[in-house]
Amino acid sequence: MPADAPAFLNVAIVGTGPTGLYVLDHLLRCDRPLSVTLFEAGLLAGVGSPYSPESAAVTMLANIASIEIPPLAEPYLDWLQRQPEAVLRLYGVDPATLHDRQFLPRLLLGAWFRDALESMLAAAPDRGHRVALREATRVTDVSMADPDIRVTFQDARGEDSQLFTHVILATGHSWPEDPDDGRLFVSPWSGLIDTPIPPGRVGVIGTSLSAIDAAMAVACQHGRFDDDTQSFQLEPGAETLQVTLMSRQGLLPEADFWCPLPYRPLQRFTEAALDRALQAGTDGLLDRLWQLMVAEFALVDPAWTESTGVAHLSVEGFAETYFAQRLTTDPFAWAKANLAETLQNARSRRVVEWRYAILRIHEPMERMVAHLTDTDRTRFDALKRVSIDNYAAVPPQSIRRLLALHRAGCLKVLSLGNDYRMDKVGDVTRVVTETGSTTEFDVLIDARGQQALQAEDLPFPSLRAALENGDVAVDHYFALKNLGEGRIFLPAAPYLLSRLPFVQGITASADMAATVVAGILGPDGPA
Ligand SMILES: Cc1cc2nc3c(=O)[nH]c(=O)nc-3n(C[C@H](O)[C@H](O)[C@H](O)COP(=O)(O)OP(=O)(O)OC[C@H]3O[C@@H](n4cnc5c(N)ncnc54)[C@H](O)[C@@H]3O)c2cc1C
């Protein structure tokens, strides 16, 4: 425990998505009795926003498999194997085929998270802890009430407040409200799932995992996928359905590739090498990091390093080379070829070493981003696009379904270019691309994913007033720097994205939770 920690810990966890659950898991390992209160704005705690029925349908797959998901109460695969066959079949899962690298519906993962919460609640008293769960309770403010922290909340009975020694704001995703005209959706998860979309011209801004969600949400209202024949059958009368995914470059994500897990250690892009690069100063840091990347590539994949001439490229040049061939190929033709190659590699356990290196490098690289100069931070955007393309690869099944939708004549990809226009003209949205082509949409869905948020976006007025506008400053433990004496934590991805660009994902939730709990209980952890 930190020397100045209060004698009795009374902790509030605001938000019971994956981050809140991993925080609870770490806290419950503490030998000293703790009091913990979980606040959840939603009706059902412990599901997490991407995994709940409000924002996911059965066709939407998680892009993380059991082998990578840090266990809660028990490993995900063990839980899956205990589920009745009828339940798994509801999610389109054949119990005979379960394995630890399988990509399954996000709803199923949400059910595991919920069960894990219930197991933790049941086990807590035996470990000497008192845990209270407040569902359908939205925290509306957090303020200092020295020496404590006051949490104000709203539930069915009205407003109330409670005092705590520590507050963890694990509030996760934040989407803007839709205008409610049924024609514009500011995200695929703020009402689209439950809104009937007529079979017309549907434009989706984005081509990544979120855009695939949007396409699936609309397509499943007008037809069904047959995974055996890898086809999509439209219902009669829905022939006018035309979904268009749009992005500046018009690239589809690639299929998740097979690689050894847990990760093999990096040999050149090591923590010691990063420390040395940092000690040499922030000027030129990005170029030094890039040289370490090149050294890693040269070691693990000399043939690819030689053939791409990567050693002679700048960071920006590498990003250009990485996407060049894809940019000149039809996105569906690329997706088909990439899927075939990925599946073949998975069958033969073949590792594409350069891809695997980029995947492993993005995590230690993220820790260096905060040290980059403003100029290097801008230059880093090129490398960030490569890293995101690599780690945000999607389940092969999602690519199969995109291809099936395209074959059925219901899906197109539009490359907007950098200089495009999007205007509302009467009831339609008119999009004019950089090359001058014009397309009109009856419905528009913004699927660009979570945007970075700042202090002024915090939904807690007292915190907003006490913090300076702009990036929210947090310390190594994700504790607010300017308020709360290190006892108000903000492990909420939207507020961290500008400094930790890859912080989204379940493993990031688990890592943040461990760090926050180390900030409460001391770096030696639960004791
Ligand atoms: C569509 C989508 C799909 C994704 N798929 C994957 C995937 O397959 N694999 C992966 O690793 N990652 C995925 N992610 C990344 C995702 O960010 C994390 O997996 C995870 O959801 C983050 O957990 P969290 O607890 O921080 O946030 P959330 O899951 O957003 O949970 C936050 C919780 O806090 C509650 N809350 C918010 N404000 C308040 C308040 N004021 N008072 C009380 N409660 C509050 C919310 O109701 C919610 O339950 C996906 C993200 C999206 C958007």
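Predicted model: local features only at pLDDT ≥ 70, side-chain atom pairs only at ≥ 80, totals over all residues.

Residues are numbered from 1 along each chain as its sequence is written, and side-chain values use heavy atoms, with hydrogens and water left out.

**Stop 1: everything.** Show the protein chain as a cartoon: there are 16 helices and 18 strands (DSSP runs, H or I of at least four residues for helices, E of at least two for strands). The C-alpha trace spans about 65 × 60 × 50 Å along its principal axes.

**Stop 2: the domains.** Colour domain 1 (1-9 + 157-174 + 450-527), domain 2 (46-132), domain 3 (184-253 + 398-446) and domain 4 (271-391); these bounds come from an automatic or database domain assignment.

**Stop 3: domain 1 meets domain 2.** Keep just this pair on screen. Their centres, taken over C-alpha atoms, lie 25 Å apart. How many residues of domain 1 are in contact with domain 2? Four, and they touch nine residues of domain 2 (contact means heavy atoms within 4.5 Å).

About 450 Å² is buried between the two domains, with carbon and sulfur atoms giving 81% (buried area is the accessible area, 1.4 Å probe, that two parts lose on being put together, summed over both). Now select His173, Ile506 and Thr507: they supply 87% of the area that domain 1 buries against domain 2.

Finally, look for salt bridges between domain 1 and domain 2: the count is zero (a side-chain nitrogen of Lys or Arg within 4 Å of a carboxyl oxygen of Asp or Glu).
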